[in-house]
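Thanks, everyone. Please have a look at the model on the screen before I start.

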Amino acid sequence: MSTPVPKQGELSSGPGRVLVFVYGVFAVAATGRSLVQLGTEADKAPFAYTLSLVAAVIYLVATTCLLLGGRRAWRVAVASCAVELLGVLSIGVLSYVDTALFPDKTVWSHFGQGYALLPLVLPFLGLAWLRATRPRDDHG
C-alpha cells in the first residue's frame, strides 16, 4: 500500500494561508533588509547581517515549501522551522551575551524584539501547523 501524501497546496490551506503570508512577509523583509545592510554597511556588523541573510533564506524555503505542499515539501518545511527555531533561540541568547557582535538589530537578535518577537513565535506556529498536517501512513 502506498502512503498518503498531503495534496498540492494543503499546507497553505486554512490557517496555513496566514502562516504562508507571515513567512512570505518575513522572507521579503529579511532579504531586503539584510541585502541593504550588507551592501551599504557590512563593516558595521558583518556577522549579524550575514545571519539575517541566512534567516531570510530559511524564511524563503519555509514559504516555498508551505506553498508547494506534498510529502517532500512537508519534510523540508519541518527542517526549516527547526533550524529557524534553533537559530532564533541561539542568536537571541548570543545577542545578549556578546552585544559587540550585534551593534544593530537583526531579525533574530534579541529573539526578534525589533519585529515584535514574531521571529520567536513563528517557528513554534510553523511546527504546530506542520504537526497538524503531517502525512499519515495507511497503517495507522
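Ground rules first. This is a predicted model, so local features need pLDDT of at least 70 and side-chain atom pairs count only at pLDDT 80 or more, while totals for chains, interfaces and linings use all residues. Residues are numbered from 1 along each chain as its sequence is written, and side-chain values use heavy atoms, with hydrogens and water left out.

Start with helix 4. Helices here are DSSP runs of H or I, at least four residues, numbered from the N terminus. Helix 4 covers residues 118-132, 15 residues. The expected span is 1.5 Å times one less than the number of residues. That gives 21 Å, and the end C-alpha atoms are 21 Å apart, which agrees.

Which residues of helix 4 are buried? They are Pro 119, Leu 122, Pro 123, Gly 126, Trp 129 and Leu 130. Buried means under 20% relative accessible area, exposed over 50%, and partly exposed in between, with a 1.4 Å probe and protein chains only. Seen down the axis, the buried residues of helix 4 fall within an arc of 130°, so they line one face. The arc is taken from the directions from the helix axis to the C-beta atoms. What do they pack against? Helix 1 (15-41), helix 2 (46-68) and helix 3 (71-97); contact means heavy atoms within 4.5 Å. The face turned away from the buried side carries exposed Arg 131 and Ala 132.

Next, cysteines. A disulfide is a pair of cysteine sulfur atoms within 2.5 Å. The search of the whole structure finds 0. Take Cys 65. Its closest cysteine sulfur is in Cys 81, 9.2 Å away, too far for a bond. Cys 65 counts as buried, because its relative accessibility is 8%. Cys 81 is buried too, at 1%.

Last, the rings. Rings of Phe, Tyr and Trp (its six-membered ring) pair if their centres lie within 6.5 Å; planes under 30 degrees apart are stacked, over 60 edge-to-face, the rest tilted. By that rule there are 6 aromatic pairs. Take Phe 26 and Tyr 59. Their centres are 5.4 Å apart and their planes at 55°, so the pair is tilted. The pair links distant parts of the chain: Phe 26 sits in helix 1, Tyr 59 in helix 2, 33 residues apart. Phe 26 is buried at 6% relative accessible area, and Tyr 59 is buried at 0%.

Methods: Helix = DSSP H or I, 4+ residues; strand = E, 2+ residues; numbered from the N terminus.
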